[in-house]
Amino acid sequence: MNRRIIAAVFLATTAGTAVGYDHEAGQEAYLFTEDAEQACTACHDDSYFLDNSNRTAESFFELKGWIKGCVQEFPQGWFPEDEDNVAAYLNREYYGFPEN
């Protein structure tokens, strides 16, 4: 009986955290990398995003796809959650799509 209560409390307190994004970790991954030529900011600085014609993504899902494409072209050693966190950071700063 006690195990069921403990399990239920654990699930209730951690259920929402599994799908959340870490915007701060995304910002750090986006801004800082060991190889400056491979850094996101080598191609994409603030002026890039402030020009609306450069913002071709039309959804959060599509933004994540663009980031995955960049990471394939310029390997960062990121895990999928790192890519998602970068997408969440860029979305918060420049796009404003619903994060779903």
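How far is the sulfur of C40 from the closest cysteine sulfur? The closest cysteine sulfur is that of C70, and at 6.9 Å it is too far away for a bond. A disulfide here is a pair of cysteine sulfur atoms within 2.5 Å, and the structure holds zero disulfides. The model is a predicted one, in which local features need pLDDT of at least 70, side-chain atom pairs count only at pLDDT 80 or more, and totals for chains, interfaces and linings use all residues. Residues are numbered from 1 along each chain as its sequence is written, and side-chain values use heavy atoms, with hydrogens and water left out.

Buried means under 20% relative accessible area, exposed over 50%, and partly exposed in between (1.4 Å probe, protein chains only).

| Cysteine | Relative accessible area | Class |
|---|---|---|
| C40 | 16% | C40: buried |
| C70 | 34% | C70: partly exposed |

Attention now turns to helix α2, residues 23-31. Helices (H or I, at least four residues) and strands (E, at least two) are DSSP runs, numbered from the N terminus. The buried residues of α2 are H23, G26, A29 and Y30. Seen down the axis of α2, these buried residues fall within an arc of 120 degrees, so they line one face of the helix; the arc is that of the directions from the helix axis to the C-beta atoms. The exposed residues E24 and E28 are carried on the face of α2 turned away from its buried side. At the N-terminal end, α2 is capped by D22, which has a side-chain oxygen 3.2 Å from the backbone nitrogen of E24.

Helix α5 (residues 80-95) packs against this picture as follows: its axis and that of α2 come within 7 Å and cross at roughly 95 degrees. Axes are lines fitted to C-alpha atoms, for helices over the stretch in contact, and angles run from 0 to 180 degrees between N-to-C directions.

The protein chain as a whole has five helices and zero strands. Buried residues make up 27% of its 100 residues. Among contacts (heavy atoms within 4.5 Å) between residues at least 6 apart in sequence, 65% join residues at least 24 apart.

Definitions and conventions:
Polar contact = N/O pair within 3.5 Å; in protein donor to acceptor, adjacent residues only side chain to side chain.
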